[in-house]
Amino acid sequence: MRRLLLLAALPLLGGGMVEGNRLYRSGQFRRAAEAYQRRVVAGDTSAAARYNLGTALLRLRKWDEARPLLEAAASVRRAPELRQRAAYNAGNADLEPVFRRKVTEPDARRERLQRAIARYKDALLARPGDADAKWNLELAQRLLDREEQRSGGGGADQRNQGGGGGGQGPPQPAPQPAPSPQRAPAPELSQREAERILTGAARAEADAQREVLSRVRGQRKTVRDW
């Protein structure tokens with residue numbers, strides 16, 4: 001999860017969040033989560049408190065604990081920046097365990113991927129130019145297509161029924177300043193490339209991987225990490 005690793009707990013949360021933010025920024029995610037949890041237990045039900053706690057839990061790979069907190073933060077309309085970040089991280093909470101193969105049951109994998117896709121679309125509605133959300137949306141959609149193909153579903157063909165536009169590549173998730181270039185059906189991304197993104201690969205490197213993908217059609221599939 002490339003973008004997740006770049007997201008720090010929001011700094012504009014008042015005195016009660018100083019300790020948690022300091023611990024989070026120093027990489028002490030467990031202690032940061034404990035500090036945020038104390039704040040919530042003390043009665044802070046703000047979207048910021050839930051976002052911070054959910055994001056710290058996400059870094060600890062406690063995906064099922066993080067997701068409801070992040071979804072709750074993403075539902076608050078008066079804080080658009082926080083809402084966008086929370087929607088993105090809520091998508092990560094469903095995409096990461098599928099990618100890491102921590103969820104193996106096909107129906108559960110499909111359910112998580114469908115939720116992740118919805119959350120990334122929410123993030124893109126709030127910030128259409130977010131390249132990381134676009135990438136994660138495409139990754140989640142590719143993984144979902146693979147699950148549907150394995151189960152005998154129609155995958156991308158079913159998504160295009162009744163919707164028009166049978167073009168190549170995933171459908172546009174949100175209004176964009178300019179249309180994205182169409183892509184030929186791409187192979188799954190390699191495990192190595194996916195891990196590089198999950199560990200915070202730089203944007204320039206990630207863009208280079210995009211170009212590589214277009215030239216390795218037919219090779220072993222890989223996934224780009226968040």
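How are helix 4 and helix 5 oriented to each other, roughly parallel or roughly antiparallel? In this predicted model, the axes of helix 4, which spans residues 47-59, and helix 5, which spans residues 63-74, come within 8 Å and cross at roughly 155 degrees. Because angles over 145 degrees count as roughly antiparallel, helix 4 and helix 5 are roughly antiparallel to each other. Their crossing is left-handed. On the side of helix 4, the contact is made by Ala-47, Arg-50, Tyr-51, Leu-53, Gly-54, Thr-55, Leu-57 and Leu-58, and these meet residues of helix 5 that include Trp-63, Glu-65, Ala-66 and Leu-69.

Most residues other than glycine have a negative phi. The phi of Arg-61, however, is near 65 degrees, a positive value in a residue other than glycine. With a relative accessibility of 44%, Arg-61 counts as partly exposed, since that class lies between the limits of 20% for buried and 50% for exposed residues.

The protein chain has 11 helices and 0 strands, so that, read along the sequence, its pattern is α-α-α-α-α-α-α-α-α-α-α. Of its 226 residues, 47% are buried. The chain exposes about 11400 Å², and carbon and sulfur atoms supply 49% of that area. When contacts between residues at least 6 apart in sequence are considered, 67% of them join residues at least 24 apart.

A second helix pair can be read in the manner of the opening one. Two packed helices are described by the angle between their axes and the distance between the axes. For helix 6, made of residues 80-99, and helix 8, made of residues 131-150, the axes come within 11 Å and cross at roughly 30 degrees. That angle makes helix 6 roughly parallel to helix 8, because angles under 35 degrees count as roughly parallel. The crossing of helix 6 and helix 8 is left-handed. Helix 6 contributes Tyr-88, Asn-92 and Leu-95 to the contact, while helix 8 contributes Asp-132, Ala-133, Asn-136, Leu-139, Ala-140 and Leu-143.

Tyr-88, one of the residues of helix 6 in that contact, is buried, with a relative accessibility of 0%. Although Tyr-88 and Asp-122 are 34 residues apart in sequence, their C-alpha atoms are 7.9 Å apart in space.

Beyond helix 6, the loop between helix 6 and helix 7, the latter covering residues 106-126, contains Arg-101. Arg-101 has a positive phi of about 60 degrees although it is not a glycine. Its relative accessible area is 53%, and Arg-101 is therefore exposed, the limit for that class being over 50%.

The last stop concerns aromatic rings, of which a search of the whole structure finds 2 pairs. One of these is formed by Tyr-24 and Phe-29, whose ring centres are 5.1 Å apart and whose planes make an angle of 65 degrees, an edge-to-face arrangement. Both partners fall under the 20% limit for buried residues, because Tyr-24 has a relative accessible area of 4% and Phe-29 one of 16%.

Terms used
Residues are numbered from 1 along each chain as its sequence is written. This is a predicted model: local features need pLDDT of at least 70, side-chain atom pairs count only at pLDDT 80 or more; totals for chains, interfaces and linings use all residues. Side-chain values use heavy atoms; hydrogens and water are left out. Helices (H or I, at least four residues) and strands (E, at least two) are DSSP runs, numbered from the N terminus. Buried means under 20% relative accessible area, exposed over 50%, partly exposed in between (1.4 Å probe, protein chains only). Contact means heavy atoms within 4.5 Å. Accessible areas come from the Shrake-Rupley method with a 1.4 Å probe; for residues, only the protein chains shown count as cover. Rings of Phe, Tyr and Trp (its six-membered ring) pair if their centres lie within 6.5 Å; planes under 30 degrees apart count as stacked, over 60 as edge-to-face and the rest as tilted. Axes are lines fitted to C-alpha atoms, for helices over the stretch in contact, and angles run from 0 to 180 degrees between N-to-C directions. Angles under 35 degrees count as roughly parallel, over 145 as roughly antiparallel, 65 to 115 as roughly perpendicular and the rest as oblique. A crossing is left-handed if the near helix is turned anticlockwise from the far one by less than a right angle, and right-handed if clockwise.
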